[in-house]
Amino acid sequence: MEQAYYFIIIGALLFEFILSTLSSILNMKSISKVVPDGFQDYYDEEKYAKSQLYLQDKTKLGLFSSAFSLLLILFVIHFGLFGKLDELVRSNSSNYITSGLLFFGILFLINDVLNIPFSVYSTFVIEEKYGFNKTSVNTFISDKFKGYGLTIVLGSAIIVPVLYFFNTFQDNGWWIAWALMTAFMIAVQPLFVHIIAPMFNKFTPLEKGELKTAIEEFANKVKFPIGRIDVMDGSKRSGHSNAYFSGFGKSRRIALFDTLLDKHSTEEIVSVVAHEIGHYKKKHIITGTCLGIIETGIMLFIFNIFMNDIELFAVFSVENVSTYCGLVFFSMLYSPVSMVTSIFTTALSRKNEFEADAYALKTTQKPEPLISMLKGLSASNLSHLTPHPLMVFLSYSHPPVIDRIAAVQSK
């Protein structure tokens, strides 16, 4: 059985890498030299060529990063470094909870430090080269330490109870841990709105004026009580434009990037707000949360079956069975299933985007602002207009902009 585990894990790692690499290469080769019809007012030849170079630079970095990650994990497995790490944390901790926190903490820190060069190159070379980077060195460092702090607090809040329940209640531990994870997944929305997001960005209430009046009138028309309409200082880090909806109940927030306000008309921004409200009205957020809860429960149930299998631990040269090691190893064994479920969730996400666009069109009765907004966002973000179908199938959470526009025009 040990060999079967080994081949499943190594095979899954290699298959995922090959598939990802193939889709990335095909995506780069799907570049069209001619600006697609309808985009001539948004892309001249120079800007369109720039968007293609941007895609190529990001893809090459991604390929190099994924190859590095693959070689690193194969190296760690082959030389039994997980076993050495487990011995280290056991010799420096008094119980399984502190051992687990040390194990996860060291893995996270090593992985993050090794990936810093890729993050730095992406931010300060590629994004800078194409005029998107607004992040200062101080902001980059500050974000890192804030991220570490959040990981310590939230990670501990999840890991400690999970380890305790699995070790204390054994076969019943999985559903108690599932209940905890469910509570966390529900609580994270207001937590994100009130604590996490403000740690990284400044949110200012949208000033009174034409835009705020137009948004409020639309919200009243569709009977959507907005908790907050905020402007986020996205330009602090990037020139990319976006908007998002988050939270439940009184924690509902529509956040508009300040870069969005600088580049688009009132009608276009209202169409974006209508799209975000569409996600809420169509219950996409609730559905996504429920699916995440179900998937987590299935994963924990299956993990409960494998968590004490010594042959799984032997693949990673670990002698002592533990919940914390088992979670890491099982996540690799489970990766083929994760790949399938991720394809399903991204397909569902694309469907949801079409539905939100349709809702925006139905409620505003104005296709032109929605279409011009989609085109404008694509141009300002240097988006790839003709992605390869395999890349879309595997990883696109949003449909290609040309498909979205075609769907709006067909209504």
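Predicted model: local features only at pLDDT ≥ 70, side-chain atom pairs only at ≥ 80, totals over all residues.
Which residues in α1 meet which residues in α2?

**Helices α1 and α2**

- Helix α1 covers residues 2-29 and helix α2 covers residues 45-78, and their axes come within 10 Å of each other while crossing at roughly 170°.
- Because angles over 145 degrees count as roughly antiparallel, α1 and α2 are described as roughly antiparallel to each other.
- On the α1 side, the residues that take part in the meeting are Tyr6, Ile9, Ile10, Leu13, Leu14, Phe17, Thr21, Ser24, Ile25, Asn27 and Met28.
- On the α2 side, their partners are Leu55, Gln56, Thr59, Lys60, Leu63, Ser66, Ala67, Leu70, Ile73, Leu74 and Ile77.
- Sorted by class, this contact of α1 with α2 is made up of 15 nonpolar, 6 polar and 1 charged residues.

**Aromatic rings**

- A pair of aromatic rings is described by the distance of the centres and the angle of the planes.
- The count for this model comes to 30 aromatic pairs.
- In one of them, the ring centres of phenylalanine 82 and phenylalanine 329 are 5.4 Å apart and the planes stand at 75°, so this pair is edge-to-face.
- Phenylalanine 82 and phenylalanine 329 are both buried.
- Another pair joins phenylalanine 103 and tyrosine 324, whose ring centres are 5.2 Å apart and whose planes are at 50°, so this pair is tilted.
- Since phenylalanine 103 lies in helix α4 and tyrosine 324 in helix α12, the pair ties together parts that are 221 residues apart in sequence.
- Phenylalanine 103 counts as buried because its relative accessibility is 0%, and tyrosine 324 is buried as well, with a relative accessible area of 3%.
- One aromatic cluster is formed by Phe82, Phe103, Phe104, Phe313, Phe316, Tyr324 and Phe329.

**Helix α12**

- Helix α12 is mostly covered, with 9 of its 11 residues buried.
- The buried residues of α12 are Thr323, Tyr324, Cys325, Gly326, Val328, Phe329, Phe330, Met332 and Leu333.

**Charged ends over rings**

- The charged end of lysine 146 sits over the ring of phenylalanine 200, at 5.9 Å from the ring's centre.
- The charged end of lysine 375, in turn, sits over the ring of phenylalanine 39, at 5.6 Å from the centre of that ring.

- When residues up to four places away in sequence are not counted, arginine 350 touches Val392, Phe393, Tyr396, Ser397, His398 and Pro399.
- From C-alpha to C-alpha, arginine 350 and methionine 339 are 17 Å apart in space, while they are 11 residues apart in sequence.
- Serine 94 is placed in the loop between α3 (81-91) and α4 (96-129).
- Serine 94 has a relative accessible area of 71%, and it is therefore exposed.
- The C-alpha atoms of serine 94 and isoleucine 310 are separated by 22 Å, although these residues are 216 residues apart along the chain.

Technical notes: Residues numbered from 1 in each chain as written. Heavy atoms only, no water. Helix = DSSP H or I, 4+ residues; strand = E, 2+ residues; numbered from the N terminus. Buried < 20%, exposed > 50% of the residue type's maximum accessible area, 1.4 Å probe, protein only. Axes fitted to C-alpha atoms, helices over the stretch in contact; angles between N-to-C directions. Parallel < 35°, antiparallel > 145°, perpendicular 65-115°, else oblique. Contact = heavy atoms within 4.5 Å. Nonpolar A, V, L, I, M, F, W, Y, C, P; charged D, E, K, R; others polar. Phe/Tyr/Trp six-rings, centres within 6.5 Å; stacked < 30°, edge-to-face > 60°. Lys NZ or Arg CZ within 6 Å of the ring centre and 35° of its normal.
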